[in-house]
Amino acid sequence: MTLRVKALESLLVEKGIVDPAALDAIIDTYEHNVGPRNGARVVARAWSDPAYKARLLKDATAAIAELGYGGRQGEHMIVVENTPKIHNLVVCTLCSCYPWPVLGLPPVWYKSAPYRSRAVIEPRGVLAEFGLSLPDDVEIRVWDSTAEIRYLVLPERPPGTEALGEEELAALVTRDSMIGVARASQTKAES
Amino acid sequence: MNGVHDMGGMHGFGAVAPEAGEPVFHERWEARALALTLAAGAWGRWTLDASRYARERIPPADYLHMSYYEKWIAGLSTLLVEARLVTREEIANGRAAAGAAKSTPPLKADRVPASLAHGGAMERTVLVEPIYSPGMTVRARNINPVGHTRLPRYARGRVGTVTRHHGAHVFPDSNAHGLGEQPQHLYQVRFEGRELWGETNNSEVYIDLWESYLEPG
């Protein structure tokens with residue numbers, strides 16, 4: 001694929017269809033500027049500031065824009081809140097729709113046939129494979145991203161974090177917890 | 001189209017395989033594939049819906065075999081040729097045909113941050129009132145369009161409850177085919193797991209569905 005894509009790029013540059021510097025800028029954006037740390041800041045703000053959380057659940061696009069995030073693949077955002085009795089899980093069964101401005105580009109598993117096929121029919125089985133076993137009385141809500149609405153999960157704030165500030169809280173918020181395949185960590189997250 | 005991309009509820013694909021510490025791109029060509037797709041899209045010669053439809057038309061055996069960004073390259077090649085920006089021969093040769101015109105790229109590097117931060121909103125203003133409202137019972141119609149659609153097969157014929165009205169949004173089934181935006185009211189609809197999958201399923205699936213996908217339940 002390396003050679004094939006290189007040939008396509010050189011053709012498109014030669015014909016003046018794309019600007020190679022623009023390609024670099026696009027890649028730089030998604031490798032360095034736009035990723036799940038954005039979403040983690042949104043979640044940490046919601047955990048810390050009840051008024052912000054209320055705005056986030058009412059009009060997520062506007063509340064997320066308050067923190068400076070928005071745009072491509074996040075034009076119409078909805079945030080769904082996990083509680084002790086409700087667990088939310090996001091999927092795109094038809095392709096790979098995902099809220100780029102707050103989570104970056106989706107991981108391979110999210111775009112894969114196993115996840116796309118199974119999340120809607122056996123969410124508990126999928127969650128168990130991520131190490132998340134939920135009690136039977138927890139209602140599971142699966143969000144299939146069939147339109148241009150993008151869903152972000154607001155995970156539960158972990159117990160014992162009352163004393164933490166927003167920045168420390170953000171460090172507990174993993175990408176997976178905002179897709180709904182994990183809980184937020186009680187210790188500093190890796191991704 | 002009833003394609004293999006419409007995967008919801010299928011069996012046999014195995015376990016989900018998360019990768020610890022996964023990089024944004026596994027190979028440099030994947031990054032270039034993403035960037036080429038976005039930069040070429042800036043020509044405005046095709047819509048986001050058309051680009052999804054181009055990937056859905058990949059033959060099923062190939063679709064299942066290809067990696068994600070291989071599908072993007074296949075889709076992009078289809079779009080470029082159909083938009084007459086390049087020819088199949090040029091793609092095969094990796095160079096422009098003799099005497100081919102040289103264009104000016106519409107997306108320059110300095111415009112990239114603003115372009116990505118702006119995105120492309122899909123909500124539109126329409127004059128017609130929405131037929132449905134939250135709390136109403138609806139049935140997803142049993143339709144099988146041969147072109148692009150965002151009504152998954154697993155929901156067709158099933159009864160759900162409207163939980164939200166999103167306003168009117170661009171209609172993918174027309175927009176993917178150069179037939180215009182034809183915006184329609186868009187609803188979030190909740191389906192009980194037992195309605196979709198049978199008695200033993202106790203989860204719920206929420207699906208965003210355009211008005212013409214629905215009928216009174």
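How does the radius of gyration of chain A compare with that of a compact globule of 191 residues? Chain A has 18 Å, which agrees with the value near 16 Å that a compact globule with 191 residues would have. The radius is taken over C-alpha atoms, and the globule rule is 2.2 Å times the number of residues to the power 0.38.

This is a predicted model, in which local features need pLDDT of at least 70, side-chain atom pairs count only at pLDDT 80 or more, and totals for chains, interfaces and linings use all residues. Residues are numbered from 1 along each chain as its sequence is written, while chains are lettered from A and ligands numbered from 1 in the order in which they are written.

**Confidence**

- The model has an ipTM of 0.97 and a pTM of 0.97.
- The average pLDDT of chain B is 97, and 100% of the residues score at least 70; pLDDT is the predictor's confidence in each residue, from 0 to 100.
- Where pLDDT is low, the predicted coordinates should not be read in detail.

**Chain A as a whole**

- Chain A contains 11 helices and 4 strands. Helices (H or I, at least four residues) and strands (E, at least two) are DSSP runs, numbered from the N terminus.
- Along the principal axes, the C-alpha atoms of chain A fill a box of roughly 60 × 35 × 30 Å.
- Of its 191 residues, 55% count as buried. A residue is buried if 20 or more other C-beta atoms lie within 10 Å of its own, exposed if 12 or fewer, and partly exposed in between, with C-beta atoms placed from the backbone.
- Among contacts in chain A with a separation of 6 or more, 67% come from residues 24 or more positions apart. Two residues are in contact if their C-beta atoms, placed from the backbone, lie within 7 Å.

**Ile78(A)**

- Ile78(A) belongs to strand S1 (residues 76–81) of chain A.
- Because 22 other C-beta atoms lie within 10 Å, Ile78(A) is buried.
- Leaving aside residues up to four places away in sequence, Ile78(A) touches Ala60(A), Ile149(A) and Tyr151(A).
- Ile78(A) and Asp59(A) are 19 residues apart in sequence, and their C-alpha atoms are 7.1 Å apart in space.

**The two domains of chain B**

- In the contact between them, 11 residues of domain 1 of chain B meet 12 residues of domain 2 of chain B.
- On the side of domain 1 of chain B that touches domain 2 of chain B, 3 residues are nonpolar, 4 polar and 4 charged. Ala, Val, Leu, Ile, Met, Phe, Trp, Tyr, Cys and Pro count as nonpolar, Asp, Glu, Lys and Arg as charged, and the others, Gly among them, as polar.

**Where the chains meet**

- Chain A gives 65 residues to the contact and chain B gives 70 residues.
- Elements that each supply at least two residues of the side of chain A that touches chain B include helix H1 (2–14), helix H2 (20–33) and strand S3 (139–144).
- That side of chain A divides into 34 nonpolar, 14 polar and 17 charged residues.
- S3(A) and strand S5 (residues 204–210) of chain B run parallel, joined by 4 bridges; two strands pair if DSSP finds at least two bridges between them.
- Opposite residues of S5(B), Arg141(A) faces Glu204(B) and Asp144(A) faces Ile207(B).

**Strand S5(B)**

- 7 of the 7 residues of S5(B) are buried, so the strand is largely enclosed by the rest of the structure.
- One side of S5(B) has Glu204(B), Tyr206(B), Asp208(B) and Trp210(B), the other has Val205(B), Ile207(B) and Leu209(B), and all are buried.
- Strand S4 (residues 184–192) of chain B pairs with S5(B) in the antiparallel sense over 7 bridges.
- Arg190(B) has Tyr206(B) in S5(B) as its bridge partner.

**Positive phi angles**

- Most residues other than glycine have a negative phi.
- Gln73(A), which is not a glycine, has a positive phi of about 65°. Gln73(A) sits in the loop between helix H5 (60–66) and S1 of chain A, and counts as buried because it has 24 C-beta neighbours inside 10 Å.
- Gln182(B) also has a positive phi, near 35°. Gln182(B) lies in the loop between helix H7 (172–175) and S4 of chain B, and counts as partly exposed, with 16 C-beta neighbours inside 10 Å.
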